[in-house]
Amino acid sequence: MAQPNIKQIIKQEYIKCAKDPVYFMKKYCWIQHPTRGRVQFNLFPFQEGTLKLLQKNDRSIILKSRQLGISTLSAGISLWMMVFQKDKAILVVATKQDTAKNLVTKVKFMYDNLPSWLQIGFTENNKLALRLKNGSQVKAVSAASDAGRSEAISLLIVDEAAFIEENRIEEIWGSSQQTLSTGGKAIVLSTPNGTGNFFHRMWNKAEEGTNGFIPIRLPWTVHPERNQEWRDKQDDELGLRMAAQECDCDFTTSGNTVFETEIMKFIEASNICEPIERRGIEGGLHIWEYPDYTRNYMITADVARGDSLDYSAFHIIDIEEAKQIGEFKGQIGTKEFGHMLVAIATEFNNALLIIENANIGWNTIQVVIDKGYPNLYYSPKGDAATNADSFLAKGYDITDTTKMVPGFTMSMKTRPLTIGKLDAYLRDKAILIQGKRTLEEMRTFIWKNGRAEAQTGYNDDLVMSLATACYVRDTALKFAQQGIDITRAALKNFTKSAPMIYTGGVSKREAGWTQDLGEHGQQDLTWLLDD
């Protein structure tokens, strides 16, 4: 029998490779393994399945565990496109140029180790780019550059997308759309980095089927060489939070969120429920319990401009139980918000009304004052606002509002204290949160340059007003209680009736709530002596 012609064999192999990237990589691609050195790219089943999905779909987003070889797989499909198709432009974007360069280096290593009959020569070969003689090329850029702008892109690969600065990834994606819309492909891959960022939003839309991307989830368990012993070791080496980020493909356990994930999971499973009533602007006021006239409430409010960029928000809190029984989030004018707060506070037993007094908050507070609402919260001035002992030591009269400021003062000192107080309440399971909107804000409340704030594109109005409630309950209301204790001691031998001024305490009796006046226009203060 005649021996097969070598040219015929090469032709058959070339056709097989051109038709099937899996066949091409498994038989002719070599890679640099981190521990085994130069090895043939024998794809694992999950890599093979992923590659088929990437080939079939123009838009793919990959949520992956660490060290699964997905970047290497992306390099393989890039090389396959370059070798077997003319004039293909592949752009690799990553957080840093070195990271993007690593993927191009993988492409170059594979190309250099191809048999000579698959190599077609190159016209450019450097650390950041490889251009073949058929006009196809791969280029690496950092997210800090003008990535994607004026590029004719056949394939866009965005590596570790969740870690690219928010404004940069938005710009990159926007600038690449014109060329991608003409038939280009896109692969967006990353380990998770918390919720609310570009990658997380894109993943959610892919799962919903609303953005044209196919979601591919690859947790550590897909790797056949990994077991629970390996996973446990990651906890020891990386720490629980980083291991969750790098291994589990769980957005909620990754990232730099202020509040612990396990706490938020507990709240969602145990407390979150539908309100019994939705009312107000677009149903923005959610109520879980109607007023109980034997109980005392506080309402903490955060005031926004009322335009499309921000929301005003408030919580209704049962003071004794530290329980959220109502929440509002909506766009409303500052004066209208003041009228709304007075109406709700009056409905809930003339609740202690606490309004942040920064900037436009004064507009809302002025409405409350003009309407004569009797239970508006006042902040002590100076360092007394953060120290109860200082407040009393300096001789401030808790009932003298002339030495205090209407509303709650959120300053550089009080802001971290309020957030810390909410965190303490959550850790101790000392507050009951029922609102889904509040929980969603907690999930996108992150550390950013050392400051706790909402992720870009999200709001923290409900979080901050809830933090204020916790802080006031544990500190400011204690000022009033200490003032009452002083008054009680002074009145031990004094039973004469005298006028009384509201003190902002924790209950109607102990707060000095306005009582019916006697026939001489005076009040009996002897109730302060009661235990």
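pLDDT is the predictor's confidence in each residue, from 0 to 100. The model is predicted, so local features need pLDDT of at least 70 and side-chain atom pairs count only at pLDDT 80 or more, while totals for chains, interfaces and linings use all residues. Residues are numbered from 1 along each chain as its sequence is written, and side-chain values use heavy atoms, with hydrogens and water left out.

**Exercise 1.** Find where confidence is highest and where it is lowest in the protein chain.

*Solution.* Next, go to the elements; helices (H or I, at least four residues) and strands (E, at least two) are DSSP runs, numbered from the N terminus. Strand E12 (residues 285-287) has the highest confidence, at 97, and helix H13 (residues 388-393) the lowest, at a mean of 42. Where pLDDT is low, the predicted coordinates should not be read in detail.

**Exercise 2.** Work out which strands stand at the edges of the open sheet.

*Solution.* First write down the order of the six strands, E11-E12-E15-E14-E13-E16, with mixed pairing; two strands pair if DSSP finds at least two bridges between them. Strand E11 (277-279) and strand E16 (352-355) each have a single partner strand, so they stand at the edges with one side left without a neighbour in the sheet. Now step inside: E12 and strand E15 (residues 323-330) pair in the antiparallel sense over three bridges, and Leu285 stands opposite Phe328 in E15.

**Exercise 3.** Describe how helix H11 (residues 334-347) packs with helix H12 (residues 361-370).

*Solution.* Begin with the geometry: the helices pack at an angle of about 45°, with their axes 8 Å apart. (Axes are lines fitted to C-alpha atoms, for helices over the stretch in contact, and angles run from 0 to 180 degrees between N-to-C directions.) That makes H11 oblique to H12, given that angles under 35 degrees count as roughly parallel, over 145 as roughly antiparallel, 65 to 115 as roughly perpendicular and the rest as oblique. To finish, list the partners: residues of H11 including Phe337, Leu341 and Val342 meet Asn363, Thr364, Val367 and Val368 in H12.

Conventions:
Contact = heavy atoms within 4.5 Å.
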